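Here's a quick look at the charged pairs in this structure and the helix that ties into them. Have a glance at the model first, then read on.

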Amino acid sequence: MIVESKYMDYSLLVASYFNGSLGLASYGPPDYFLHPSVLKRNHEWPGVLPRNIIHSIPVEKYLVNAINPEAHLVAGMTSTVLFLCELAKNGALPRFRLTLLISDKDIHNPFYEPGEALDLCDFMVKVYGFFVDLQIVFNGQVWPLLKATKPAETTGSQPPG
């Protein structure tokens with residue numbers, strides 16, 4: 001399942017989908033949620049790549065019913081992810097796989113705030129790293145490689161190998 005989001009690395013999403021590194025294509029076309037704002041949508045998705053665009057149901061309602069231990073959610077910075085992680089933290093949802101593809105390189109984006117994306121990554125590891133199978137790729141690098149960029153507290157959360 002893919003949820004378009006602020007700071008989502010759409011180029012990496014498409015490349016990862018093509019090369020199979022996200023493991024989404026093996027299950028058929030992913031369920032795909034367009035961002036409500038046209039300005040924040042993924043305009044890089046190739047028309048030849050299949051996806052099931054979900055239109056008629058609120059994203060959170062759909063995902064709460066779709067999350068199971070085998071579920072894999074790919075997103076960027078969105079309150080939807082925080083909502084689902086909070087439910088997993090409180091035991092209302094099972095542990096699920098969450099991949100955040102984050103990029104803060106587009107400083108000309110009108111929604112850009114310096115440090116916001118990196119703060120989100122740090123927060124996700126600290127607060128939800130034990131409750132979801134979390135992998136963060138920030139500006140093309142898997143989260144542990146960011147220690148040289150900004151020290152992060154060790155929480156014991158490890159991204160999948």
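A residue counts as buried when its relative accessible area is under 20%, as exposed when over 50%, and as partly exposed in between (1.4 Å probe, protein chains only). Helices (H or I, at least four residues) and strands (E, at least two) are DSSP runs, numbered from the N terminus.

Keep in mind that this is a predicted model, where local features need pLDDT of at least 70, side-chain atom pairs count only at pLDDT 80 or more, and totals for chains, interfaces and linings use all residues. Residues are numbered from 1 along each chain as its sequence is written, and side-chain values use heavy atoms, leaving out hydrogens and water.

Now for the salt bridges (a side-chain nitrogen of Lys or Arg within 4 Å of a carboxyl oxygen of Asp or Glu). There are two of them here:

| Lys | Partner | Closest N and O atoms |
|---|---|---|
| Lys 6 | Glu 116 | 2.9 Å |
| Lys 126 | Asp 122 | 3.0 Å |

Lys 6 is buried at 18% relative accessibility, while Glu 116 is partly exposed at 22%.

The other pair stays inside α4: Lys 126 and Asp 122 are four residues apart, so about one helical turn separates them. Lys 126 is partly exposed at 36%, and Asp 122 is buried at 10%.
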